[in-house]
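This report covers selected local features of one protein model. The sequence and structure come first.

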Amino acid sequence: MENKNILNFHLSNSKLKKDDKEGLKISRFIEKAFNSGYFNNRNKKFEKNRMFSRGRQPMSEFLDLMNVDGKEAFVNLDMKAPAIAPKFIQVILGGRLKMKEITKATAIDPISVERKKYDKDEAEFRMNFGDQVRQIEEQSGVKLMAEGKFTPEDYEELELFFGLEYQLPEEILFEKGIDYVNYANGWEVIKRKIIEDLIETGVAATKVSVAPNGKINIRRVIPENLIYSFSEYDDFRDVSFIGEVISMKIIDIRNNYPSLDEKKLFEISKKAKQFNQSVKWDERYRFSIDRPYDDWTVDVIDFEIKTIDTMIYQAKTNKFGNLIVEKKEREPQRLGDNKELIKKDMFVIYRGVYVMGTDTMLEWGVAKNMIKPSVAKEIADVYFSYSLYMYENLDLLNMAIPERMETSIRQMTLAHLKIQQLVAKLRPSGLIIDIDSLSDISLGQGKNVSPLEIQKIYDQTGNIYYRRRTEDGDQMNGLPISEAPNSSSIGQLQELITVYNHYLERLRDEIGVNEYREGATVNPKIGLGVQQQQIAASNNATDFLYDAYLSIYQQTATKIALLLYDSVIYGGQQYKEYLNPKDIEGRVFDVKIEVLPDDKEKQFIEAMIQTALSAGMIEFEDAFRVRSIKNTKLAQMYLSKAKKRKQKDDMEKAQMNSQMNAQSQQQSIAAKAQADMQIESMQGQAKLAVVQTEMKMKQDLSEQQFVQDILMKSFEIGKPLTPEMQNIVMAYMQKKQMEQQAEEEQQMQIQMQQQEQAAQQEEQMMQQ
């Protein structure tokens, strides 16, 4: 596709490249390439693929295959194309639309990297020396560590958090800015159209641009309109130019390019599809509000070409010692004092807008709002506003899904028509009747029965009346009525159904969609695990489509991030409510597309959660936390971490319980020993009390016996007691009297206490 005009353009100097004549040469070459050769054949293929994928494949060719003349058809056939492909296309499309993605922005500039390292080191310090610092805080009363900061339990949790979870505030804000741009442009709708294009044509593209008001626009590019140079890669990373053919109304051309002369616009309108020779030029059109050709549309090539320009800068030092760098359009003839000339070769994008069929360049020159990398070492590079992908690219050719289905669909369509043909020609089962055997039959009622009457009897009763002998008396063999065979058509129908099903299975094999994923009836004896494995295998067979979409999305998101950064930093007003220049100034963001877990991965994580819960390996709080994590790898690592933490807690609890049991046992032994000692002491005291009581009783009895003996002896001899003996008797009597009084007083105190308690209880009951 490259020609000498393209080569000469790359070899020209910057001044010559900006000349409109150079742009016109390239535009003519691109127009010629688009209208013939590769692009013409490509678009014919795309048209056929889209018709097959929508069940609108052409049916005229099948008339010849079935030897049917459209003007004189003897069989009534429904020539509407059977919708075979749409079901499979929708199955593939629906499976890919279920996949969800998010954008992840990672700051990779030195300041952000150093800050992340500082936060990680600080967390590691809190992990290793947090307890000591808190003791110092308690002793000194001075706060040394901030509250609420993440403190890992071990190095594994430290790496887990800072490797997958930790984000700077700037990164979160930038991600939200990208998400807003996607939402404002309706990315979900664009996603569906991109995957449809990849399925039906094998090619898909987007374009990212900046509107005059600063808004970032994302647009899906129709593959049939694409034009590009040769590339060896699926993502067209080495393409030299890329563009599209779009239809523009004359009024839109006037609004976008107000400097264009109205007479020139009228000449351009002659190339419109709606051109009417009756419309003639009128000078009043220059000042009219409405013109008859305003709504006419013409085809315009909007293209970008990547080339190398030598950038010239002049560096000088002012009187304050500051270095000032100025860009120059051309190399100065001589340099002044303290000035230095700097030359640097850089990639640039030239944009051209050309009206097809004319020599009119609507726009030509270095593209505005060029998308350049933010990494310093790649600053000399530049990106196209287009993001393009063609899977299985081989010399700009590949095989889309409908092309793989085409042969099978043709054979299935032919079988479908043949079945119609057989059904149309099929006749009901009839009877073979021998009229001679059924003529002049007498049933004994005085009249003969005709063959038609005998057939009615046969239809109603199943009885047959016939003559077995001829008029000559010869005997005839065989039944006069027999059914006509009609099994050949039924057999052919079964064979055609077998052919149809054969190509249906072949179609499934060709595109990788088996009956399990398709939703067809499967053997109920097949286990759920086998079905899931078959569905997973089918998904793997079409993963290349989703990989192609992710490549386009990744390219698009990268360009959105670069334009968003420039818009915010250089005073754009569209996104100031979402991003503050101070938040992202000096930052360099690496934007990646992260695929969220699909249903299979979610089921796998849920199964792991349920297993861990049933085995008591994690707590319910951990299960809720794992379910909320969108990153599968992070969820697995967190689940493993929760399991180890639970094991550690269980071991600590078991150790604590063991220590408490040991202490409890020691306390029990000590308590038992003390209780035993108390029991022994009490038993000793009880024995002593018993002994003392017995001794006292014996003493009292001996005293009582002694007094009684004295009194009895005095009574027997009739002599009074001596004074000594009388004192002993009197002392004994006084002692007994005192003991009796003490006992009575004790009884009275007990009675009084009982009466007081009864009175208190009665008073409490009355209060209640």
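Helices (H or I, at least four residues) and strands (E, at least two) are DSSP runs, numbered from the N terminus.

## Basis

The model is predicted: local features need pLDDT of at least 70, side-chain atom pairs count only at pLDDT 80 or more, and totals for chains, interfaces and linings use all residues. Residues are numbered from 1 along each chain as its sequence is written, and side-chain values use heavy atoms, with hydrogens and water left out.

## Positive phi in two loops

Most residues other than glycine have a negative phi. D395, in the loop between β10 and α13 (401–425), has a positive phi of about 55° although it is not a glycine. D395 counts as exposed, at 52% relative accessibility (buried is under 20% relative accessible area, exposed over 50%, partly exposed in between; 1.4 Å probe, protein chains only).

N369 belongs to the loop between β9 (361–366) and β10 (386–390). Its phi is positive too, near 55°, and N369 is a residue other than glycine.

## Helix packing

Helix α9 (residues 169–184) packs with helix α18 (residues 543–569) at an angle of about 110°, their axes being 10 Å apart. Axes are lines fitted to C-alpha atoms, for helices over the stretch in contact, and angles run from 0 to 180 degrees between N-to-C directions. The two helices, α9 and α18, are therefore roughly perpendicular (65 to 115 degrees; under 35 is roughly parallel, over 145 roughly antiparallel, the rest oblique).

I136 lies in helix α7 (residues 110–140). With a relative accessible area of 45%, I136 is partly exposed.
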